[in-house]
Every structure is written in C-alpha cells, then in structure tokens.
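Subject: Structure handover

Hi,

Here is the structure I promised to pass on. Please have a look at it first, and then read my notes below.

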Amino acid sequence: VKEGSATSASVRVRPSALGAARLLASVSSSSGAIVLNDAVERAVLVRPEGFEVRETKNLVMELSANTPLSAEQIELEVPSEAVNGSIRGSLSVTGDLLGPT
C-alpha cells in the first residue's frame with residue numbers, strides 16, 4: 001500500500017458458536033527497518049441462520065378443594081432442521097384473573 005493511501009481486504013469468517021464473540025483483525029507491514037502494526041477489535045453477535053419460529057401452547061389448570069395439586073405434560077416438537085444451540089423455551093404462569101366463581 002502506498003504511503004498516505006488505504007486498501008481493503010475481505011476475509012470470510014465462520015463462527016464456531018452462537019452468541020457474543022470478539023473479532024480481532026491485525027495487520028503488519030515492513031519496509032526496510034521500519035515495521036508498522038495495527039489492529040482493531042469488535043464485538044459481534046452470532047445469530048442462527050434462517051428465520052425465527054415461535055409456538056404458543058395454552059393450558060388451563062383447574063384447582064379445587066378436592067384437587068389442590070395438578071400436573072400436566074406438554075410436548076414440544078423441534079424441527080429437524082433447527083440450528084444446534086438456537087433452541088429456547090419459556091414458561092409463563094398466570095393466576096385466576098377473574099377471581100373466584
């Protein structure tokens with residue numbers, strides 16, 4: 001690269017895991033006895049390829065004096081083409097919003 005000018009280079013990067021990562025790029029150049037170095041580091045977020053799919057399952061559990069405890073089993077199907085490490089789940093529980101009947 002000539003003095004006072006700039007250039008660019010493209011490099012393909014293949015992440016090994018999903019989530020936050022640091023990317024460090026460094027370069028060095030020498031001309032005779034002069035050695036120049038430079039580096040830049042950036043935070044990147046590696047997300048799964050494809051598109052997000054959400055599924056909601058609703059369930060009503062009725063408790064009474066005769067049945068104070070209840071148990072339910074919910075089955076969730078994960079597509080075979082799902083990206084490893086990208087599967088998440090959450091559970092939300094809400095009490096009786098209408099009050100006693």
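Accessible areas come from the Shrake-Rupley method with a 1.4 Å probe, and for residues only the protein chains shown count as cover.

Before the details, two notes on how to read this. This is a predicted model, in which local features need pLDDT of at least 70 and side-chain atom pairs count only at pLDDT 80 or more, while totals for chains, interfaces and linings use all residues. Residues are numbered from 1 along each chain as its sequence is written, and side-chain values use heavy atoms, with hydrogens and water left out.

**Overall shape**

The chain has 0 helices and 2 strands; both kinds of element are DSSP runs numbered from the N terminus, helices being H or I with at least four residues and strands E with at least two. Its radius of gyration is 27 Å, well over the 13 Å that the globule rule gives for 101 residues, so the chain is more spread out than a compact globule. That radius is taken over C-alpha atoms, and the rule is 2.2 Å times the number of residues to the power 0.38. Along the principal axes, the C-alpha atoms fill a box of roughly 90 × 30 × 20 Å.

Buried residues make up 2% of the 101 residues (buried means under 20% relative accessible area, exposed over 50%, partly exposed in between, with a 1.4 Å probe and protein chains only). Of the contacts with a separation of 6 or more, 32% are between residues 24 or more positions apart, where contact means heavy atoms within 4.5 Å.

**The hairpin**

Strand S1 (residues 19-31) runs antiparallel to S2, and 13 bridges join the two; strands pair if DSSP finds at least two bridges between them. One example is Ala-20, whose bridge partner in S2 is Leu-45. The hairpin has 2 residues between the strands, and Gly-32 takes a positive phi near 70°. S2 itself (residues 34-46) lies largely in the open, because the number buried is 1 of its 13 residues.

**Salt bridges**

Side chains of opposite charge can pair when their charged atoms come close. Counting a side-chain nitrogen of Lys or Arg within 4 Å of a carboxyl oxygen of Asp or Glu, there are 4 salt bridges. In one of them, Arg-22 pairs with Glu-41, with the closest N and O atoms 3.4 Å apart. This pair links distant parts of the chain, as Arg-22 sits in strand S1 and Glu-41 in strand S2, 19 residues apart. Arg-22 is exposed at 56% relative accessible area, and Glu-41 is partly exposed at 41%.

Lys-57 and Glu-55 also meet in a salt bridge (3.7 Å, N to O). Within it, the closest N and O atoms of Arg-54 and Glu-52 are 2.9 Å apart. Arg-54 is exposed at 72% relative accessibility, and Glu-52 is exposed at 53%.

**A nonpolar patch**

Val-11, Val-13, Leu-23 and Val-44 form a nonpolar patch on the surface, with about 360 Å² of accessible area together. Patches take residues with over 30% relative accessible area and no salt bridge, joining like charges within 9 Å and nonpolar side chains (Val, Leu, Ile, Met, Phe, Trp, Tyr) within 5 Å. Val-11 lies in the segment before S1 and is exposed, at 72% relative accessibility.

Best wishes
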